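Dear colleague,

I am passing the structure below on to you, and the notes that follow it set out what was found.

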Amino acid sequence: MKSSLRVLEIIASVDPCGGGAIEGLLRQAESRRAFGMETHIVSLDGPDDPWVCECPVPTFAVGSGRLSHPSGPLNWLWTHYGYAPKFVPWLRSHVGDYDIAVVNGLWNYSTLGSRQVLSRSGVPYVVFAHGMLDPWARGSLKHAMKQALWAFSEGPLLKQANAVLFTTEDEMIRARNTFWPYRARERIVGYGTADIRGDREQQIGAFRKSLPALGERAFLLFLGRIHPKKGCDLLIAAFAEIAAANPELDLVIAGPDQVGWRSELEAQARAAGIERRIHWPGTVFGDVKWGALRACDAFVLPSHQENFGVAVAETLAAGRPVLITDKVNIWREVVSDAAGLVSTDDAAGVGDMLARFVSLPQSEKNAMGKAARDCFLDRFEISIPAKQLGRVLSEIATARTQTPGMAARAIS
């Protein structure tokens, strides 16, 4: 692998509340240092946003910052699309300083700006889809708006990229039928996360202390964005079915309420008479987060669509069983390694999955936890996908004269 390869990562935001894309990027960048690869980030954040200052990777934040957004109709361009007038000039001036660029995610101003600049820059680039080409929302108004954008932004960006990166074969296949026309040189590079560091008991103690209403009770854990796509309503309904027969067990739903759905979910819990058994700590970080993962009986993600699920991999690292749907694209690996249970993404499936798990003898739950840890070490520990992605980036960066169609299989 080429030494001192300079990589420019382009992403809408380095805010850790943004989910798996930035978490995976940071872990990849950390692991790349061992391969002699240097990583910088350019984002649409404001330079004074606190998460920019705290980001461990050098970050050029070229946005205006959330406090500087205009009011009125134009506010949408800043808050939802991330419009940043300084982004395109910055990219034109600086992309030549790098050997390769990686565009992370879609459907924001960084992808439109990248489409304008990268194909004319002479610098090779790849697009990491991060699950944003899944057909889950097809048929909705949101999907129709994205199809309109596709014609002049995302579509040309993918078509001209040296490669479009996917984490699993499932994700790649599903992406082909979401938007039209779809033309991309596809590569599967895998995904992963860093192992959990720190003292286990101290982290569990930090989590328990942060949530005194839970005390020392056993609990199931959801950790992620509180969003309809994640199936939190299915989880509450399923927990209501097993709550009476398992009075020692609570449910923790941790994560940001980005769309204002929590009040509706709380009303659902009250109607089922289980509101005191459900805890809402909000977004958790650091030792509190790791303590939650290490202390839970199992992690539950009843998602309707999940490209990878970084929190799933983190739970596997913690040696805890994962209970997921078959819409989480690493479900086959979980089943193959006996690291958890898998269901369909409907009320009957999630309800049956929780009932099956709580009925298992403790010895089987313990064995599932050990298998989860082995699954992480064998498949998702960050050095494994980081090496694969590093090889792909190095190969593309050192083959600028390669004819377009030869880098990877072209789909049109």
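**Two packed helices, and some other points**

In this predicted model, helices α9 and α12 are roughly perpendicular to each other, because the angle at which they pack is about 100° and angles of 65 to 115 degrees count as roughly perpendicular. Helix α9 covers residues 200-210 and helix α12 covers residues 286-295, and their axes lie 7 Å apart. On the α9 side the contact is formed by Arg200, Gln202, Gln203, Ile204, Ala206, Phe207, Arg208 and Ser210, which meet Asp287, Val288, Trp290, Gly291, Ala292, Arg294 and Ala295 of α12.

Helix α17, which runs over residues 383-397, has 15 residues and spans 20 Å from its first C-alpha to its last, close to the 21 Å expected at 1.5 Å a residue. Its buried residues are Pro385, Ala386, Leu389, Gly390, Val392, Leu393, Ser394, Ile396 and Ala397.

The C-alpha atom of Lys370 is separated by 5.8 Å from that of Gly319, although the two residues are 51 residues apart along the chain.

As for confidence, the mean pLDDT of the protein is 91, and 92% of its residues reach 70 or more. Over residues 401-412, however, pLDDT stays under 50, and for this stretch the model has 22 contacts beyond four places in sequence.

Technical notes
Residues numbered from 1 in each chain as written. Predicted model: local features only at pLDDT ≥ 70, side-chain atom pairs only at ≥ 80, totals over all residues. Heavy atoms only, no water. Helix = DSSP H or I, 4+ residues; strand = E, 2+ residues; numbered from the N terminus. Expected span 1.5 Å × (residues − 1). Buried < 20%, exposed > 50% of the residue type's maximum accessible area, 1.4 Å probe, protein only. Axes fitted to C-alpha atoms, helices over the stretch in contact; angles between N-to-C directions. Parallel < 35°, antiparallel > 145°, perpendicular 65-115°, else oblique. Contact = heavy atoms within 4.5 Å. pLDDT = per-residue confidence, 0-100.
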